[in-house]
Amino acid sequence: MLAVVAAHLVLALCLPALARYHRRVAFGAGAALLAGTLVWAAVQAPVALGPGLSDHLAWAPELGLSLSLRMDGLALAMIVLVSGVGALIMIYAAWYFGPRSTDAARSAALLVAFAGMMLGLVLADDLLTLYVFWELTSLTSFLLVGQGGQYRENRRAAVQALVVTVFGGLAMLLGIVLLGQLAGTYSIPELTAAATAGTLAPDRPVALGVALVLILLGALTKSAQLPFHPWLPYAMAAPTPISAYLHAASMVKAGVVLVARLGPAFAAQPVWWVPVMVLGLATMVVGGWRAMRQTDLKRLLAFGTVSQLGFLMVLFGAGTRVAALAGIAMLLAHGLFKAPLFMVVGAIDKACGTRDLRELCGLGRRRRGLAVVATLAGLSMAGLPPMLGFVGKEAAFEAFVLEGGVRGWVTATGLVAGSLLTVAYTARFLWGAFSTKGLHPTGGDPVPLGLSGPAWLCALTGIAAGIAAPLVQEIAASYAAPLPPAGDAYAARYELALWHEPGLPLLFTAVALAGGLALHHWGRALTGHAPVGHLSAQRGYEAVVTGLERTAITVTGRLQIGSLPVYLGCILATLIALPGPVLALTGTVPTDQLPYHSIMQVPVGLMVVVAAIALCLAHRRFTAVLLVGAVGYGIGGLFVIDGAPDLALAQFLVETLTLVAFVFVLRRLPAHFDEPDTERRVRAPKAAVAAVGGVLVAGTAVVLSGARTLPPATTGPFIAGAPEAGATNLISAILVDFRALDTVGEITVLLICAAGTASLVLATRYDKRKGGTVVSSGSGSPQHEEEVLG
Amino acid sequence: MTTSEQAPGGTRPTGGGSDDARAEEAAAWARMDQPSGRWMLPGACPDARERTLVLEAAARLLFPVVLVFSVFLLLEGHYGPGGGFSGGLVAGLAFVLRHIAGGDDNLGSRFRIRPPVVVGTGLIIAVLTALAPAVFGEPVLSSVKWTITFGPFGHLDVVSSLLLDVGVYLLIIGVVLDLLRSLGSGIARDAREAGEDVAGPGGAR
């Protein structure tokens with residue numbers, strides 16, 4: 001399984017080169033890999049639906065970190081969307097991107113990489129594995145929405161999507177860590193077992209609740225639930241294949257998948273199901289309502305997706321058997337009808353040059369094929385037989401009718417309202433795209449098979465899956481098996497099927513259909529082009545972001561005043577204020593300190609002290625720099641005397657380099673330290689702070705060196721292990737083997753410092769050259785960028 | 001620098017025919033230690049007043065030697081003091097020397113080096129070395145030791161973590177080069193454009 005995920009990433013690396021050779025071959029290779037993944041999953045299906053198929057790679061066993069994947073019913077359903085629908089969208093994309101498109105190569109590689117991440121996400125069997133793939137999908141989504149970054153609209157949309165989903169993702173990470181600490185495991189099956197047995201932190205319900213809410217925050221942001229939903233319609237700035245794949249079929253379902261994954265464990269807890277179901281229902285209704293008022297077909301579909309995601313949240317949040325069956329059916333149905341609808345919009349956009357329903361006219365007659373495929377997909381969206389959408393919606397109504405009680409009936413009513421709106425916006429979509437509205441007819445160019453073919457395949461699969469409902473039942477039953485059947489005995493044996501005994505669900509469908517059509521027909525004035533009210537989630541997002549920026553500017557303006565003494569003073573004052581008292585109160589000075597170990601330490605130490613005192617008295621900067629160097633070399637000498645040649649070597653080299661850097665900078669500084677009168681007044685406080693800080697650091701060193709309670713790590717077995725690590729030099733063994741992770745981290749910090757120095761020094765040059773005009777960060781000239789990049 | 005491109009002193013043919021052979025010999029002798037690789041040359045100095053010949057000659061002689069020494073330190077690190085960090089710093093100081101002797105922003109004029117690329121390459125090598133064991137099913141960052149025997153000359157231990165050290169080595173060189181680029185030539189050019197009189201990279205005010 002890991003190999004399949006890795007194959008996606010490897011292919012993604014090769015694709016840019018391949019796309020340079022031939023664009024369609026690159027997309028074809030991607031489609032082939034995705035289709036191959038689907039076939040592989042289909043072959044594994046019998047095992048996956050039975051005991052499940054696992055794969056495990058130890059990452060850092062000491063920390064309990066591992067990559068673990070597991071294929072089960074839920075994963076299989078998502079693979080149908082990620083790989084199956086994904087393959088069709090790759091073919092579609094091959095025809096969508098023009099022959100001279102500069103976006104094609106990047107998009108092909110990123111789409112395949114994204115498919116790999118998404119595959120990892122749906123297969124993840126471990127919360128940390130899931131989190132890693134989760135954030136990777138956010139990042140690829142950012143790149144795919146942002147495209148080349150030439151257009152402001154794309155950049156804004158990409159940033160908003162990233163900010164919202166990564167905010168949720170970080171909250172989720174907190175929740176995951178909290179949950180993992182409470183349960184002592186990150187493995188999802190173990191967590192589920194502990195939660196159902198009631199042994200998961202029974203004495204700490206508050207901590208568990210906080211963890212669950214934080215995890216839900218990740219799911220709600222990723223799946224565009226109220227009030228985080230506006231990023232999804234804005235992300236429609238991306239090219240249509242990307243919208244169809246990320247924002248309809250796969251990525252936005254990640255939140256739903258997370259709720260579904262943890263549903264069997266936590267659905268019984270009110271802290272889990274109340275937010276999921278309340279926000280899900282609200283999202284379903286609000287999304288449908290907003291969809292009714294869109295004039296851009298793509299945005300209409302995007303709000304439709306928001307609404308359907310709310311629906312899915314409700315189904316998986318309920319945590320009952322029938323609702324779960326309905327959830328899996330709707331999950332598949334949504335991917336299979338929303339992707340072709342997006343493809344149709346893309347084709348219309350290509351053929352007519354617009355996707356505004358006020359401008360489109362007469363397309364139904366001129367492009368009959370597109371109209372038929374859109375209608376087929378639309379019927380599934382509206383929940384009409386014999387589509388999979390109908391099967392799912394019937395099951396959904398049945399689930400809450402069977403459940404009964406306040407929750408059941410309230411939810412059922414909400415679902416009927418949401419379905420009614422769904423029918424209405426479906427009708428609006430089909431009317432807007434294909435009707436003849438007495439305007440100038442649009443739509444000249446014929447649509448190539450590469451654009452219409454994938455849409456046809458997808459929509460027809462939707463019908464086939466509706467007719468072959470028992471097959472979907474197989475997959476869904478594997479997921480729903482552990483969930484409690486709420487309601488009577490019928491709930492325990494309910495199965496997904498195209499036809500059940502007529503009852504309330506069928507009545508609900510009829511009500512939704514009639515109401516929706518009526519709303520579309522008569523309600524156009526009501527839903528028309530009314531402006532968005534004051535309570536807008538998008539405004540909320542913008543207010544938060546601008547507020548943050550303003551706060552950042554205020555705080556930075558107060559703190560970063562450009563005075564080195566103030567910065568140093570702040571650092572030293574913090575050092576004195578925080579660890580200082582602790583050290584003074586609790587530290588014990590060790591009694592076994594000798595004045596010196598070796599007689600050679602005395603002269604060298606004296607030299608350091610003298611140089612330090614002289615440093616304070618220096619008038620010229622150059623003298624001061626040389627004295628700093630003398631102090632450094634003196635300390636290097638102490639290292640030599642103490643028998644640490646490695647340390648000494650590094651100290652001498654760094655000292656030399658520092659000296660050189662200082663001399664470079666000195667060329668631009670005045671030769672003398674000038675002392676205005678204001679400086680003279682603060683001299684005593686400065687000296688006091690510096691002296692206390694210095695004494696504190698020295699004292700800390702002495703106290704901490706005596707505070708050892710455990711035997712040092714560098715004893716017997718450790719030193720004996722050094723030659724095994726390939727280095728007879730213990731220091732090297734520590735650096736490159738025992739503590740190699742630290743080394744990698746440190747050199748990363750160095751890289752950041754180098755990049756930062758280069759950017760700061762070279763950026764100010766160009767900002768200055770522009771003659772004092774205000775240049776905000778990140779808007780450097782091309783020359784400047786070239787300079788910074790070397 | 002311009003002198004290096006002309007023939008060294010004494011090569012101008014003199015009038016006397018019998019002197020030709022001796023002149024040729026002298027020329028060959030003079031060319032004996034002429035740097036053959038252009039990358040060894042210090043960069044050209046735009047302003048002749050800023051040149052110090054002794055430093056230039058010393059830099060030309062020392063630069064390759066110090067680079068070799070830095071590689072020695074890198075490899076030696078497994079047995080004694082040294083390692084990627086020290087080796088990289090020594091190599092970086094070699095570049096500092098060349099910069100001080102020869103030149104302003106022509107550090108890369110003979111053999112163009114882009115510091116960010118060097119830094120990035122170093123980090124990539126280090127991270128790939130860290131991740132590589134995962135491919136073979138070992139924990140990340142574990143290392144392997146191969147022992148090569150050279151018969152009577154003893155044996156050599158080659159450790160996979162040496163690659164990590166190579167990454168550190170390159171990264172440090174890149175950081176130093178970046179420092180030279182931004183603080184060295186960047187500041188100097190900045191000052192010259194501002195019309196200030198600033199001493200060359202080596203000189204103090």
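This is a short tour of a predicted model, with stops in chain B and then chain A.

**Chain B, coloured by pLDDT.** The average here is 74, and 70% of the residues score at least 70. Now select residues 1-16 of chain B, where pLDDT stays under 50. The model still gives that stretch 20 contacts beyond four places in sequence. Then jump to residues 199-205 of chain B, another stretch with pLDDT below 50, this one with 19 contacts beyond near neighbours in sequence.

**Chain B, annotated spans.** Next, select residues 57-75, 81-101, 113-136 and 156-180 of chain B; an unreviewed UniProt entry annotates them as "transmembrane region". Zoom in on residues 57-75: the span is 100% helix, and its end C-alpha atoms sit 28 Å apart. Move on to residues 113-136 of chain B, which are 88% helix with 0% strand, and have 35 Å between the end C-alpha atoms.

**Chain A, a helix pair.** Switch to chain A and pick helix 17 (residues 388-403) and helix 18 (residues 405-434). Their axes come within 7 Å and cross at roughly 155 degrees, so helix 17 of chain A is roughly antiparallel to helix 18 of chain A. The crossing is left-handed.

Show side chains to see who makes the contact. From helix 17 of chain A, look for residues including K393(A), F397(A), F400(A) and E403(A).

Terms used. Residues are numbered from 1 along each chain as its sequence is written. Chains are lettered from A and ligands numbered from 1 in the order in which they are written. This is a predicted model: local features need pLDDT of at least 70, side-chain atom pairs count only at pLDDT 80 or more; totals for chains, interfaces and linings use all residues. pLDDT is the predictor's confidence in each residue, from 0 to 100. Two residues are in contact if their C-beta atoms, placed from the backbone, lie within 7 Å. UniProt positions are given in the numbering used here, feature names are shortened, and annotations may be inferred rather than shown by experiment. Helices (H or I, at least four residues) and strands (E, at least two) are DSSP runs, numbered from the N terminus. Axes are lines fitted to C-alpha atoms, for helices over the stretch in contact, and angles run from 0 to 180 degrees between N-to-C directions. Angles under 35 degrees count as roughly parallel, over 145 as roughly antiparallel, 65 to 115 as roughly perpendicular and the rest as oblique. A crossing is left-handed if the near helix is turned anticlockwise from the far one by less than a right angle, and right-handed if clockwise.
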